[in-house]
Every structure is written in structure tokens, then in C-alpha cells.
Amino acid sequence: MPAPLKLHQLRAFVDVARQGSIRAASRLSGLSQPALTKAIQELELAVGARLFIRGQQGVRMTDIGDNFFRHASLVLEELRVAQEEIQQRLGLAGGQVNIGVGGSIARTVMPQVITQFHREYPRVKVRIVEGQLVSMVPELRQGELDFTINTYDQSHLDQELSYEQVMTREYRVVVRKGHPMAKARSLQEMQHCDWTMPTRKGSYYRLLHDLFAERGMAPKIVVTCETFMACISLVAQSDFVSILSEDVINDVVLGSQLQAVELDEPLPLAQFYLIQRKDTSLTPMGAYMAQLFRRYCQQS
């Protein structure tokens, strides 16, 4: 019969896996290196397999270790959520809510939600990750994110995540004010321009890529920005062209140097969803924050 696994072994394993070295994990956890090493050795003995390969530069997971990491990190997150849920149901509203938001959400709805949430529950810590859905899937899978508000495109993820539509947004071709192509009327006219876009792995931007292909177009995307701020800054200070949400263009600060191009052909609408794992439930505080997002998305 396999030896029972212990929580301190799982925590040691996950800390070392995330940090890439026992030394770094020791600094993070406050445990000594010998204590972490012993815990991992006991864990490897219990599971009957090597989880790490040690080297001069640190450690890396074996294939078995990589697979085990997904389970171990999820177990620890589920235990954290369960403990926080008990405390919250007892009226001891502490703990943490971890959310992901798309760039448009971060600049419109999110500040209102977080302000109200913090006013009502000042003891609850909030962690916010900004980006597109594709970058958040690993943390959603491992329970490190409670949910994300993002655009979504049908894929194999349908089986493991749930999707609730909460908002629709218009996107526009955007240039700096005074750009020589600011008065263009069609995408075809702007094909020769240098384009910058967030990664096309992102749900909405993959939809745009397919749209261009259907129209026999291939805009010259020479710079791929992983963040919206990098994209906005580049467009505002150069002749690069991009496609951004109307919320960004209308923003008092961010949009002051940007201009939407009035094209005859409208771009497809972006659908935003509240996305979470199917096989988990939110803590009371997580559920309340999700409800706030629903409310403010409907009002925006």
C-alpha cells in the first residue's frame, strides 16, 4: 500500500517546482534547504518516482513530476479555498480572491468593481492578472485564478471551463492623431502600413486574423505586443496601426493621443465572458466579486 502523502511534502514540492531551485524555495517558504530536501525525498519515496532532476543550476521536473505538479498545486489551492470559505461563512471575511482581466476590462469595469469590493471587504486580499485568456489557462486549471473576464473563441477548452457572457464591446482600427492614414475608409487601404497587435493567440485577435484571411488580406504585423499598454504606447508615438477597444480610445488619459479610423466596414464585436473551471465553486468572496463584475458589465 502506498505511503500517505503529507501536506508539508506537497507544499515543499510545489514551492521548489515554482521557484526552480531549493535555495529560492527556501527563501520563499522560510524553511531550511535540508528540510525541503527531506520533504521532497519523502514525497518521491511515497509516490515511487523521481519528481526532480537535480543540476548545478537548480532543479527541473521530470515528466512524472510535471504531471504531478498540476495535481499537487490544485490540491493545495482547493484546500486554501475551502479554509477561506469556512472563515468567510463564519463572518471572518479574510482570505484572497485571484482574478484575471482582459485589457479592456482593466481600464473600464475593473476599477469600479475593486473599489466597491475593497470598501465592503477591506480584509480580503485581491490579486489581479491582466492579459488574454490563453495566458491565464494554466492558472485557471491549477486553481490559482478563481475566474477571468475575457474574450473567448471556441476551442478544446470547452470541456474544462465554463463561459458566461457578460459584455459586448466594439473594437476600432486606431492610429496616432495626425497619422497620414487617419482618413482611410477601408482596411484594404491600410494593408501597406506597419501593424502592431496583441498576440493572435488571444481569442478576439484570432477572430480578426481569420477575418483578414477571409478577405484575402494580410496586414503586415511586424510587432506583436503581449500587453495592451505596450501596444497603446507604440501606436501613440509612431506610425504603427493597431486595433483596440473603443474603451481605450475614449479613455481620457490613454486615448488622448489616439484616433479611431472611420472605416466603411465595421469590425466584429468582441464578446466578453466570465470564465472559470467547471469542476470548482467560488468562495463566498469570489462569488460576490463575480457578481459585481456581472453588474458593472451590464451597466457599462
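**Entry 1: leucine 10**

I started with leucine 10 and found its place in helix α1; helices here are DSSP runs of H or I with at least four residues, strands are runs of E with at least two, and both are numbered from the N terminus. The model is predicted, so I kept in mind that local features need pLDDT of at least 70, that side-chain atom pairs count only at pLDDT 80 or more, and that totals for chains, interfaces and linings use all residues. Residues are numbered from 1 along each chain as its sequence is written, and side-chain values use heavy atoms, with hydrogens and water left out.

Is leucine 10 buried or exposed? Leucine 10 counts as buried because its relative accessibility is 8%; buried means under 20% relative accessible area, exposed over 50%, and partly exposed in between, with a 1.4 Å probe and protein chains only. Then I looked up what leucine 10 touches, not counting residues up to four places away in sequence: Leu5, Leu43, Phe68, Ala72, Val75 and Leu76. Contact means heavy atoms within 4.5 Å. I also checked valine 109, which is 99 residues from leucine 10 in sequence and 37 Å from leucine 10 in space, C-alpha to C-alpha.

**Entry 2: the partners of α1**

Two packed helices are described by the angle between their axes and the distance between the axes. I looked at α1 and helix α3 (residues 33–47), whose axes come within 8 Å and cross at roughly 110°. The axes are lines fitted to C-alpha atoms, for helices over the stretch in contact, and the angles run from 0 to 180 degrees between N-to-C directions. α1 and α3 are therefore roughly perpendicular to each other; angles under 35 degrees count as roughly parallel, over 145 as roughly antiparallel, 65 to 115 as roughly perpendicular and the rest as oblique. On the α1 side I noted His8, Gln9, Leu10, Ala12, Phe13 and Val16, and on the α3 side Leu36, Ala39, Ile40, Glu42 and Leu43. By class, the contact of α1 with α3 has 8 nonpolar, 2 polar and 1 charged residues; Ala, Val, Leu, Ile, Met, Phe, Trp, Tyr, Cys and Pro count as nonpolar, Asp, Glu, Lys and Arg as charged, and the others, Gly among them, as polar.

Next came α1 (residues 7–19) with helix α2 (residues 22–29): their axes come within 8 Å and cross at roughly 120°. That makes α1 oblique to α2. The crossing of α1 and α2 is right-handed; a crossing is right-handed if the near helix is turned clockwise from the far one by less than a right angle, and left-handed if anticlockwise. Asp15, Val16 and Gln19 of α1 meet Ile22, Ala24, Ala25, Leu28 and Ser29 of α2. I sorted the residues of this contact into 5 nonpolar, 2 polar and 1 charged.

**Entry 3: α6 and α11**

How do the axes of α6 and α11 cross, and at what angle? The axes of helix α6 (residues 109–120) and helix α11 (residues 284–299) come within 9 Å and cross at roughly 140°. That makes α6 oblique to α11, and their crossing is right-handed. Val109, Ile114 and Phe117 are among the α6 residues in the contact, and Met289, Leu292 and Phe293 are among those from α11. The contact of α6 with α11 holds 12 nonpolar, 2 polar and 2 charged residues.

**Entry 4: the cores**

I turned to the largest nonpolar core, which has 62 residues; such a core is a set of buried Ala, Val, Leu, Ile, Met, Phe, Trp, Tyr and Cys residues joined through side-chain atoms within 4.5 Å. Val173, Met190 and Phe293 have the most contacts inside this core. Its largest share, 8 residues, comes from α11. Apart from this core lies another, of 19 residues, including Val16, Ala25, Val59 and Ala72.

**Entry 5: two loop residues**

Alanine 49 sits in the loop between α3 and β1 (52–55), and is buried with a relative accessible area of 17%. Beyond its neighbours within four places in sequence, alanine 49 contacts Glu44 and Ile64. I found glutamine 132 in the loop between β4 (125–130) and α7 (133–141); at 8% relative accessibility, glutamine 132 counts as buried too.

**Entry 6: the whole protein**

Of its 300 residues, 50% count as buried.
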